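User: I would like to learn how to read helix packing, nonpolar cores and backbone angles in a model. Can we go through them one by one?

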Amino acid sequence: KIKYFYLVKDDKSLIDFVFSNEIDSSNYSKSDLAMTYAKIGEVFSRNNLNQKSEQYFLLSMKLMPNVIEYELKYATSLIKHEKLDKALNILEISLSKNKTYKQIYLNMGYIFLLKKEYVKAEIYLNKAISLDPDYIRAYENLLLLNQLTNNFDQVSLYSNKISKIVKKN
C-alpha cells in the first residue's frame, strides 16, 4: 500500500496508513524495506512532519548504508527544513563514499550558497559541472550566485549556457 500511495502521490493516505499500521519488516527484503522507509521519509518531509521524516530516512540509511540516493533524499529534506549543517555533514559522508556523484556537489554548493559562502558554493557547483557539463541545475545555482553577487557578466554567460543546453535537449 505504501508503494501504491507513493506512486499515485496520495500523501494523506500514505501518512494515515503509516500512522495506523505497523510495518512488518519480516515481509520485506532489506533493500525493499530501506526503499520503503526512504519513500515514507520523503512524503513526511514534504508534509513538514520533520521528526518522523528524519526517523524513516535514518532507518533507510541504516539498512542500506551504501545507497547514496537515500542520503541525498535525507540531505535534501534537511536543506528544505533549514538544517544546513546537518545536511552538509550527511553530504560529506556521501562524498567520502563516492566522489563522482554530481548531486552531492550540487547540494553542497547550494548549502554554501544559502550560507552566503559564495566562494565555496562556486567551487562545488563547478565540480558538479565538471562531472556533467550539461548539468542545468548546477548552472541555475551558479546563475543565482552571480545574481546575488552582482556579477552580471556571469549571469548572462550562465543564462546563455542554460538556453543552449535546453535547446540541445
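User: Which residues in α2 meet which residues in α3?

Analyst: First, the ground rules. This is a predicted model, where local features need pLDDT of at least 70, side-chain atom pairs count only at pLDDT 80 or more, and totals for chains, interfaces and linings use all residues. Residues are numbered from 1 along each chain as its sequence is written, and side-chain values use heavy atoms, with hydrogens and water left out. Helices are DSSP runs (H or I, at least four residues), numbered from the N terminus. Contact means heavy atoms within 4.5 Å. On the α2 side are D11, L14, I15, V18 and F19. They meet I40, V43, F44 and R46 of α3. By class, this contact holds seven nonpolar, no polar and two charged residues. Here Ala, Val, Leu, Ile, Met, Phe, Trp, Tyr, Cys and Pro count as nonpolar, Asp, Glu, Lys and Arg as charged, and the others, Gly among them, as polar.

User: At what angle do α2 and α3 pack?

Analyst: Axes are lines fitted to C-alpha atoms, for helices over the stretch in contact, and angles run from 0 to 180 degrees between N-to-C directions. For α2 and α3 (residues 30–46) the angle is about 115°, with the axes 10 Å apart. Their crossing is left-handed. That term applies if the near helix is turned anticlockwise from the far one by less than a right angle; clockwise is right-handed.

User: How do α6 and α7 pack?

Analyst: Angles over 145 degrees count as roughly antiparallel. Helix α6 (residues 84–97) and helix α7 (residues 102–114) pack at about 155°, their axes 10 Å apart. Therefore α6 is roughly antiparallel to α7. The contact includes L84, L88 and L91 of α6, and I104, M108 and I111 of α7. It has eleven nonpolar, two polar and one charged residues. The crossing of α6 and α7 is left-handed.

User: How close do the axes of α7 and α8 come?

Analyst: They come within 7 Å and cross at roughly 160°. So α7 and α8 are roughly antiparallel to each other. This crossing is left-handed too. Among the contact residues are Y105, G109 and F112 of α7, with A121, Y124 and A128 of α8. By class the contact has twelve nonpolar, one polar and three charged residues.

User: Which residues have the most contacts inside the largest nonpolar core?

Analyst: In soluble globular proteins, nonpolar side chains tend to be buried together. A nonpolar core is a set of buried Ala, Val, Leu, Ile, Met, Phe, Trp, Tyr and Cys residues joined through side-chain atoms within 4.5 Å. Buried means under 20% relative accessible area, exposed over 50%, partly exposed in between (1.4 Å probe, protein chains only). The largest core has 39 residues, and L91, I104 and I111 have the most contacts inside it. Elements giving two or more residues to this core include α3, α6, α7 and α10. Apart from it lies another core, of 13 residues, among them Y6, I15, V18 and I23.

User: What does I104 contact, leaving aside its neighbours within four places in sequence?

Analyst: I104 is in contact with I68, L72, L91, S94, L95 and N98.

User: Where is K9, and what is its phi?

Analyst: Most residues other than glycine have a negative phi. K9 has a positive one, near 60°. It is found in the loop between α1 (2–7) and α2 (11–20). K9 counts as exposed because its relative accessibility is 66%.

User: And where is N150?

Analyst: N150 is in the loop between α9 (136–148) and α10 (152–168). Its phi is positive, about 55°, although N150 is not a glycine. N150 counts as exposed, at 54% relative accessibility.

Conventions:
Angles under 35 degrees count as roughly parallel, over 145 as roughly antiparallel, 65 to 115 as roughly perpendicular and the rest as oblique.
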